Amino acid sequence: MLYILLVIVMRLMGKRQIGQLQPFELVITIIIAELAVLPMNNLGIPITNGVIGILVLMAAEVFISLLALKSERVRALICGTPTMLINNGRLLPEAMERLRVNLNDLLEQLRSKEYPNISDIAFAVLENNGALSVIPKADAKPPTAGDLGRAVVQPLFPVTLIMDGNVNLNNLKLAGIGMDTLLAQARLQQITDIREVFFAQLTTRGQIDWHLRGEGDS
Amino acid sequence: MHKWSGWLLVLVIVAIVTTGGLLSQRYLDRSASDLVSLLKPVQQAVDHQDWGESAGSLAKLEKSWNRVHSNWALIAEHQELDHLELSLVRLREFIESRDEVNARVEAGEAMNQIRQIPERERLTWRNIF
């Protein structure tokens, strides 16, 4: 029962992963986990004690995040504000000291993002969730299609059409493809029975990618 | 998700927890008060060494206790309920063996435990800190 409640609570609290949680969300998540363990670990504690605690914390989390959504001041107070650590290729020691970020940690994160030279970085910002965002200088970033002046086709949204032999009619409608067209495309691939298809997807290039059952098995 | 669903969720949870808390505290107070009023005649009968009367009054108390026990288990710590249960069992044994001193002590102990359980669940500064 507690497990089901936890799944529902985590679902209602949002879709963010542990590394993307704001400080107050992380604290609430840890306390909720502890509260769920208490009645499981000690049978003398009524399950209602855990359930009420979990529900109240979930309400607190939703309430705080709604306040943060509506008010910039509350957001800054609860979540903090991003801090610049590198500005135009120059380190900002005061900001690093204030945030207690040492040079080794900063260099490690920059190397992991493939920026070995600080002078190549236009801005490095420590975000509220602890992640480091790096914006390279114009001459240090890889060229894009726009930089090269090349015309590109914008990608389409990829849609799963068949999964495990079952046609997803909602996705078919979303992709704007009729059943007749799908079957015609299948026949072109020598597929007579849709149930033979393990997976079919409308790719970002607008083509249907077919994967048959057993075709990868040797 | 609807624009107001987040606020509504918070409101519903706060309403459920507040109402549930108030109702459960009221139930605890009322049932504890009933148990206390059933235990008092047992104490008086023990004081007068009227063992037949005390056994009869205790049977009434036990009947009432059996009714509220499962409901209290949803709210109060099970260990406290076990202590009270044990105290009532000992009280019955002392009454049956006509042991006045121990029966008095046990009745006092049971009375204290019945009064303590709702107090421990009450939302007070003393319980929070």
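View 1. Helices are DSSP runs of H or I with at least four residues and strands are runs of E with at least two, both numbered from the N terminus. Helix H6 of chain A covers residues 103-112, and of these ten residues the number buried is one, so H6(A) lies largely in the open. Here a residue is called buried if 20 or more other C-beta atoms lie within 10 Å of its own, exposed if 12 or fewer do, and partly exposed in between, with the C-beta atoms placed from the backbone. This is a predicted model, in which local features need pLDDT of at least 70 and side-chain atom pairs count only at pLDDT 80 or more, whereas totals for chains, interfaces and linings use all residues. Residues are numbered from 1 along each chain as its sequence is written, and chains are lettered from A and ligands numbered from 1 in the order in which they are written.

**View 2. Strands E6, E5, E7 and E8 of chain A, in that order, form an open antiparallel sheet.** Two strands are taken to pair if DSSP finds at least two bridges between them. The edges are strand E6 (166-167) and strand E8 (208-212) of chain A, each of which pairs on one side only. In chain A, the secondary structure comes to nine helices and eight strands, and buried residues make up 14% of its 218 residues.

**View 3. Helices H2(A), residues 23-41, and H3(A), residues 47-70, have axes that come within 8 Å and cross at roughly 170°.** The axes are lines fitted to C-alpha atoms, for helices over the stretch in contact, and the angles run from 0 to 180 degrees between N-to-C directions. The two helices are therefore roughly antiparallel to each other, given that angles over 145 degrees count as roughly antiparallel, under 35 as roughly parallel, 65 to 115 as roughly perpendicular and the rest as oblique. Residues are in contact if their C-beta atoms, placed from the backbone, lie within 7 Å. The contributors from H2(A) include Phe24(A), Ile28(A) and Leu35(A), and those from H3(A) include Gly53(A), Leu57(A) and Ile64(A).

**View 4. In the interface of the two chains, 13 residues of chain A are in contact with 13 residues of chain B.** On the side of chain A that touches chain B, H3(A) gives the most, with nine residues. By class, that side has eleven nonpolar, two polar and no charged residues, where Ala, Val, Leu, Ile, Met, Phe, Trp, Tyr, Cys and Pro count as nonpolar, Asp, Glu, Lys and Arg as charged, and the others, Gly among them, as polar.

**View 5. The largest nonpolar core has 23 residues, of which Leu39(B), Val42(B), Leu91(B), Ala107(B) and Ala110(B) touch the most other members.** Such a core is a set of buried Ala, Val, Leu, Ile, Met, Phe, Trp, Tyr and Cys residues joined through C-beta atoms within 7 Å. Helices H1 (5-47), H2 (51-75), H3 (78-96) and H4 (100-121) of chain B each give two or more residues to this core. Leaving aside residues up to four places away in sequence, Leu91(B) touches Leu58(B), Ala103(B), Glu106(B), Ala107(B) and Ala110(B). Chain B has five helices and zero strands.
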